Amino acid sequence: MRIGILGAGGMADALGTQWFRAGHEVMISGRDPVRATASAARMTGAAGVSHGAVLTGTWAEAAAFGDVVMAAVREAGLRDVLTAAGPALRGKPLIDVTNSATPDSYDPVRPIARMAADITGAHVVKAFNLGHVDVWRMTPPVFGGRPLAVPLCGDDPEAVEKVRGLVAELGCTPLDGGGLARATLLEATAAFVIGLWFGGADAQAILTPLEHAGA
């Protein structure tokens, strides 16, 4: 599969390297072509494989390249990047990993994933926004003997299924989080738990085990 990544920072590096190592073709893009080229070279070396190299391109080239595209830029620049990526995103699976700039700044009236879908016409799938970038560098992310679960929110079954496969390749467990409307809840959850983590609390401790959840 071809994966285009809008971004050349930490999330692009972490997830893109994992997927390139798994055999996918990967193209990243960034505001600074020199830095993007350097990042692609690091990713290629870190993957430790012999099947080519991580590629670089413009926003529009990465969007056109991918069978699946991931938006991995900061919230403040997301709208401009998606606009620059152009019409190639329309009808294409678009993974949105974006969180609000700070836990207190998230506005559920202006959900990020919905905005991404409205701008691009893509089949947006919200995913990977509950884990720090270093988690996605783990091979695999397993804690206490249990693989990390990754909730997915999206409306298009084919797009969600493709992202499910990419989650599973990381050694994680994909979870059905519902349609794109529920991505607002996923974004709000990230804002809430990140606020707890910033405060030094173990956010995972707020949830009881399933057998005590009344389900």
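Q: How do you know that the distance between the end C-alpha atoms of helix α6 agrees with its 13 residues?
A: In this predicted model, helix α6 covers residues 157–169. At 1.5 Å a residue, its 13 residues should span 18 Å, and the end C-alpha atoms are 19 Å apart, which agrees.

Q: Which residues of α6 are called buried, and what makes them so?
A: The name applies to residues under 20% relative accessible area. In α6, Ala159, Val160, Val163, Leu166 and Val167 are buried.

Q: How do you know on which side or sides of α6 these residues lie?
A: They cover an arc of only 120° around the axis, and therefore they are on the same side of α6.

Q: Which residues are exposed on the other side of α6, and what makes them so?
A: Exposed means over 50% relative accessible area. On the other side of α6, Pro157, Glu158 and Glu161 are exposed.

Q: Which residues line the second largest pocket, and what makes them lining residues?
A: A lining residue has an atom within 4 Å of a point of the pocket. For the second largest pocket, these residues are Glu75, Ala76, Arg79, Ser105, Asp107, Arg110, Pro111, Ile112 and Met115. The elements that give two or more residues to this lining are α4 (75–85) and α5 (112–120). The largest share, three residues, comes from α4.

Conventions:
Residues numbered from 1 in each chain as written. Predicted model: local features only at pLDDT ≥ 70, side-chain atom pairs only at ≥ 80, totals over all residues. Heavy atoms only, no water. Helix = DSSP H or I, 4+ residues; strand = E, 2+ residues; numbered from the N terminus. Expected span 1.5 Å × (residues − 1). Buried < 20%, exposed > 50% of the residue type's maximum accessible area, 1.4 Å probe, protein only. Arc of directions from axis to C-beta. 1 Å grid on protein atoms, 1.4 Å probe; cavity = no way out; pocket = protein on both sides within 12 Å on 5 of 7 lines; lining within 4 Å.
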